[in-house]
Amino acid sequence: MPKPAVLVVDDEPDLCELLSITLRRMDLDPHTASTVAAAQRMLRADRYELCLTDMQLPDGDGLELIGWIQKYAPGVPVAVITAHGNMETAVRALKLGAFDFVSKPLDLAELRKLVATAIKMSEDPNGDTELFGPRLLGTSGAMQHMREMIARMARSQAPVHIYGESGTGKELVARLIHESGPRRDGPFVPVNCGAIPNELMESELFGHKRGSFTGAVGDKKGLIQSAEGGTLLLDEIADLPLHMQVKLLRVIQERSVRPIGEQHEIGVDVRILSATHQNLSELVAKGAFREDLFYRVNVIELRVPSLRERREDIPELADAILRRLGRRMKITPPALGKDALKALDAYSFPGNVRELENILERAVTLCTDRQINASDIQLRATPMHSAADSPHSAPATTSSALEDHLEDIEREAIVKALEQSRYNKTAAAKTLGMSFRALRYRIKKLGIE
Ligand SMILES: Nc1ncnc2c1ncn2[C@@H]1O[C@H](COP(=O)(O)OP(=O)(O)OP(=O)(O)O)[C@@H](O)[C@H]1O
Ligand SMILES: [Mg+2]
């Protein structure tokens, strides 16, 4: 692992020297620049984990550099060294995008803390989430309303049902409700009800006593109990089998659980949130979801709008996603070109924010430039949704998203097998465990060659 590089921008040799020694002792790799122009050159050429800049430089000032970094090297955290007591400049720096400041004369302990925070920030693949908590981005009316709702929901203890198309941020919203409320110091336990095999469901959710069934070699605490004092998110609650729905209803009504093999009910203090991309009331009408449970979990309903209902948020989301990708891939992320942004703006995003993340990740990989162009962006051909579309039209598009995804995996596997067999289809078919005819059919269908 190379040592994280830090750029120090200051025209006083003594200060540069002091900072370099301090940084080296922190096992970092310091580089120095004495002018704004030199700093820009270096930031263009290399990847830095942190930029520490003085305010007054021979050819400009620190504020100018902060602005430049936001534009041309986003993702590089920048902190400023301000003159003693100059809060006004410090605030301006923070508004322009600096993440922190230290004032002269330098307090080295304080400086070390700042540097450590910055390095942790660029190491965390989820970006700001760990240090500042996950954030709900977007300035659209819909997102502002969502933030208000989250604050309100956080204060209440009522069960909230979050619904919306897949990839809209339901889990994120649930997490924020937890983290903005009084239970924030307790655990947040998301449970994907659709992912737990039926036969394990009861033991997973409720736990079991040792010896209560073959294979129960020890006591096991269920997921519900592990959320004690915190919040339980029942994600994809529509996938809960009917017999589990009965048991869950009891938990909510009695505020207690009974692990398998246990004689007594054990009281639990959890807040219950649930989420789904399906239409629960429709499922109730069809008899696939219990009405009594529906009324319990659906005390408050929160709809997360699709991305196409709030297109104005796309640039900000894209920007944040690119920065995160940059941090994760340890590169300066490319900027998004005008035509690329235009293409995104015209797209229907059946997979919402998650799809935007996937599109950009692919684009960053494909892009050979410092900029992502429209040609780097691969969009699926999908019919345009209208804004009036109900979020519940999602299942159809979700299944096509899944199909596309599966096709991608299949295509990749076939191409790999073909390359390995030097394009000998018979050999490739053998590796893939399919007949020659089946392979030929897939190749044609997937448009390989
Ligand atoms: N408003 C937002 N601001 C920032 N990130 C967002 C926002 N909305 C969604 N995301 C990101 O999009 C991704 C998908 O979000 P999340 O998993 O919460 O969606 P979901 O609705 O639960 O999706 P699914 O139906 O696939 O389970 C996550 O990486 C999340 O951080
Ligand atoms: Mg989810």
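How many cavities of 30 Å³ or more does a search of the whole structure find? The search finds one. The legends below describe a predicted model, in which local features need pLDDT of at least 70, side-chain atom pairs count only at pLDDT 80 or more, and totals for chains, interfaces and linings use all residues. Residues are numbered from 1 along each chain as its sequence is written, chains are lettered from A and ligands numbered from 1 in the order in which they are written, and side-chain values use heavy atoms, without hydrogens and water.

View 1. On a 1 Å grid over the protein atoms alone, a cavity is a set of points where a 1.4 Å probe fits but cannot get out, and lining residues have an atom within 4 Å of a point. Grid points are joined across faces, edges and corners, and the volume is the space filled by probe spheres set on the points. The lining consists of Ala154, Gln157, Ile177, His178, Gly181, Pro182, Arg183, Thr231 and Arg271. By class, three are nonpolar, four polar and two charged (nonpolar: Ala, Val, Leu, Ile, Met, Phe, Trp, Tyr, Cys and Pro; charged: Asp, Glu, Lys and Arg; polar: the others, Gly among them).

**View 2. The second largest pocket, lined from domain 1 (5-123) and domain 3 (310-376).** A pocket is an open set of points with protein on both sides within 12 Å along at least five of seven lines; this one holds about 360 Å³ of space. Of its 17 lining residues, Lys71, Tyr72, Pro74, Ala335 and Arg370 lie nearest the centre. Helix H3 (62-72) is among the elements giving two or more residues, and its four are the largest share. Helices (H or I, at least four residues) and strands (E, at least two) are DSSP runs, numbered from the N terminus.

**View 3. An open sheet of five strands.** The strand order is S9-S12-S15-S8-S16, with parallel pairing (two strands pair if DSSP finds at least two bridges between them). Strands S9 (188-192) and S16 (300-303) stand at the edges with a single partner strand each, so one side of each has no neighbour in the sheet. Four bridges join S8 (residues 160-163) to S16, and Val160 has Ile300 as its bridge partner in S16.

Note on methods
Domains from an automatic or database assignment.
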